[in-house]
Amino acid sequence: MSQQPFASQDTGIISNLAQLRKGQSATILGLADDSADSIFMKSRLQELGFLPGERIYVHAEAFPGRDPMAIRIGNSIFALRRQEAANIYVVQNGHESA
């Protein structure tokens, strides 16, 4: 999976969740399923509510290194390692206040 976002004419910036910074929000487009290890992770993320169309917000990042990151989805906040977050494709919505 590429670590570089690319521009979409209709929806804005498409990237993966690991590329977002504290204060940025996005809408989930989908989850990667390109290896046997990620099938379990994809299932677990879906159970937690990381589903296409859901809005997410980067609530916090660990210091130093920005890993893990705290992600708000709905009324819940989850800690994700950037390695896990890289499997979540998103379209950025910009900045929000917490």
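A residue counts as buried when its relative accessible area is under 20%, as exposed when that area is over 50%, and as partly exposed in between. Keep that cut-off in mind for the views below, which come from a predicted model.

**View 1. The whole fold, from end to end.** Welcome to the overview, where two helices and seven strands make up the secondary structure of the protein. Read from the N terminus, the elements follow the order β-β-β-α-β-β-β-α-β. Of the 98 residues, 38% count as buried. The exposed surface comes to about 5,800 Å², and carbon and sulfur atoms supply 51% of it. Among contacts between residues at least 6 apart in sequence, 63% join residues at least 24 apart.

**View 2. The largest nonpolar core.** This core has 20 residues, and those with the most contacts inside it are Leu17, Phe50, Ile56, Ile71, Ile88 and Val90. At least two core residues each come from strand E3 (24-31), helix H1 (36-48), strand E4 (55-61), strand E5 (69-73), strand E6 (76-80) and strand E7 (88-95). In soluble globular proteins, nonpolar side chains tend to be buried together.

**View 3. Leucine 17 and its partners.** Here we zoom in on one residue of that core. Setting aside neighbours within four places in sequence, leucine 17 is in contact with Phe50, Ile56, Val58, Met69, Ile71, Leu80, Arg82, Ala85, Ile88 and Val90.

View 4. Glutamate 47 and arginine 44 sit three residues apart in helix H1, about one turn of the helix. Their side chains meet in a salt bridge, at 3.3 Å from N to O. Glutamate 47 is exposed, with a relative accessible area of 58%, while arginine 44 is partly exposed at 38%.

**View 5. The pair of glutamate 84 and arginine 81.** In this salt bridge the side chains meet at 2.6 Å, N to O. Glutamate 84 has a relative accessible area of 12%, so this residue counts as buried. Arginine 81, at 47% relative accessibility, counts as partly exposed.

**View 6. A network of salt bridges.** The structure holds four salt bridges, and Glu61, Arg66 and Arg82 are linked in a network of them. Within this group, arginine 66 forms a salt bridge with glutamate 61, with the closest N and O atoms 3.0 Å apart. Arginine 66 is partly exposed, with a relative accessible area of 22%, and glutamate 61 is partly exposed at 23%. Side chains of opposite charge can pair when their charged atoms come close.

Note on methods: Residues numbered from 1 in each chain as written. Predicted model: local features only at pLDDT ≥ 70, side-chain atom pairs only at ≥ 80, totals over all residues. Heavy atoms only, no water. Core = buried A, V, L, I, M, F, W, Y, C linked by side-chain atoms within 4.5 Å. Buried < 20%, exposed > 50% of the residue type's maximum accessible area, 1.4 Å probe, protein only. Helix = DSSP H or I, 4+ residues; strand = E, 2+ residues; numbered from the N terminus. Contact = heavy atoms within 4.5 Å. Areas by Shrake-Rupley, 256 points an atom, 1.4 Å probe, with all protein chains shown as cover.
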